[in-house]
Amino acid sequence: MPICHDGYMGTAPDLSGSISKNRFRSELFWGIDRLLTCLDSGIDSFTVVFDYRCDIELHLDDRYEFYQVKTGGKGKFGVTWATRLPKRGISIIARLYELDDASQDCPIKLVIVGNRPFTKKGGTFDSPGEVLFATLEPEDKQKIEQAVSRDNKGMTPDLNKASYLLVAMNLDSPQNSVRGHLLTTYHNVMGCEPKKPMALCEALEGLVSDRACNEKQQPDYKSVVRNKGITNEEVRKLFSLYEDREDTPLSLVSDWIKSQPPLIQGPLRIALQEYASTSMERQTDSILRIANALIKEVDPSMSPDEIAESVAPQLISKVGPEISMSLAKIYVLIAAYTIALEG
């Protein structure tokens, strides 16, 4: 049964991190790492939401997972640290349990992610992995329950929902390990190496930053996914732009441009760059779908030149004058080559 998301949308989001961009850089890289882990696991349907109700959120078909990312080079992380009441605000653990209202939609998981060992009764948890708060000693569980109840007006927390995740990644300087993970995942998903690997890394990081830094409260769940999240489909689409294969729609269109008269190559190259720069936008998907439908109606024996000349005006009539003739030809040929390559 599909999740209704009413519980998730019922409480105002925490946008303070979105406004303070530099403060959550490590959160974003860890979120990218979580996204890549989903791809590694073969999860077909997921959305990673960046800095909306929590630092990083994983939305799956049957549950939410909320992650508070904490970094520290000194001092101890542990039960006392998580339950301490600061001078202003509420404790770390109580802040995490504010998200418990989303459990009316589906099961949830509440996780503090840290790069420091976690001090608890009976010893320190110091190996990468996860410790469930329900498995702590009674004294520690009581401290957590009291902190949550104190800061959240009598709430009785279910400790089976919450945990501490100790990560091996250097959360103070995470980009190197995340970029290595990205390239490994790319090869496993796409079956080839990416062309311009650093450009791929920067493109994904830029996309994540744009979503995380959207400071607006979203009116509905679809807007959260569209404006604050990145889906499996979006990541795979981005990956496809960097395929290092002999033939891709982009490379074939680029070759076609080189075959055109010199005077029109310039406008076509500019149009191709415009297409590439907007390829992650949903409007581009919409125009490509229209172009795809038009291509399927033409004679398959037509040459690329003939397809471009005959179908581009039709596309403009469907989409409107906001796209130029050069850009219309690019859309048409991207669609045509995509169909041809897919057989």
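This is a predicted model: local features need pLDDT of at least 70, side-chain atom pairs count only at pLDDT 80 or more; totals for chains, interfaces and linings use all residues.
Which charged end sits over the ring of Y8?

1. The residue is R53: its charged end lies over the Y8 ring, 5.8 Å from the ring centre.

2. The structure contains ten aromatic pairs. One of them joins Y8 and Y64 in a tilted arrangement, with 5.2 Å from centre to centre and 40° between the planes. Y8 belongs to helix α1 (residues 6–9) and Y64 to strand β3 (residues 64–70), so this pair ties together parts of the chain that are 56 residues apart in sequence. Y8 and Y64 are both buried.

3. Y64 also pairs with F66. This second pair, Y64 with F66, is tilted as well, at 5.8 Å centre to centre and with 50° between the planes. Y64 and F66 are both buried. Through ring pairs, Y8, Y64, F66 and Y221 are linked into a cluster.

4. How do helix α3 and helix α8 pack, and at what angle? Helix α3 covers residues 25–40 and helix α8 covers residues 197–212; the angle between them is about 115°, and their axes are 10 Å apart. The crossing of α3 past α8 is right-handed.

5. Which residues make the contact between α3 and α8? From α3 come L28, F29 and I32, and from α8 come L204, E205, V208, S209 and A212.

6. I92 is a separate place to look. I92 is part of helix α5, which spans residues 92–97. Is I92 buried or exposed? I92 has a relative accessible area of 16%, and it counts as buried because that value is under the 20% cut-off.

7. Leaving aside residues up to four places away in sequence, I92 touches Q68, K70, W81, A82 and I112. The C-alpha atom of I92 is separated by 10 Å from that of I144, a residue 52 places away along the chain.

Technical notes
Residues are numbered from 1 along each chain as its sequence is written. Side-chain values use heavy atoms; hydrogens and water are left out. Helices (H or I, at least four residues) and strands (E, at least two) are DSSP runs, numbered from the N terminus. Buried means under 20% relative accessible area, exposed over 50%, partly exposed in between (1.4 Å probe, protein chains only). Contact means heavy atoms within 4.5 Å. Rings of Phe, Tyr and Trp (its six-membered ring) pair if their centres lie within 6.5 Å; planes under 30 degrees apart count as stacked, over 60 as edge-to-face and the rest as tilted. A charge sits over a ring if NZ of Lys or CZ of Arg is within 6 Å of the ring centre and within 35 degrees of the ring normal. Axes are lines fitted to C-alpha atoms, for helices over the stretch in contact, and angles run from 0 to 180 degrees between N-to-C directions. A crossing is left-handed if the near helix is turned anticlockwise from the far one by less than a right angle, and right-handed if clockwise.
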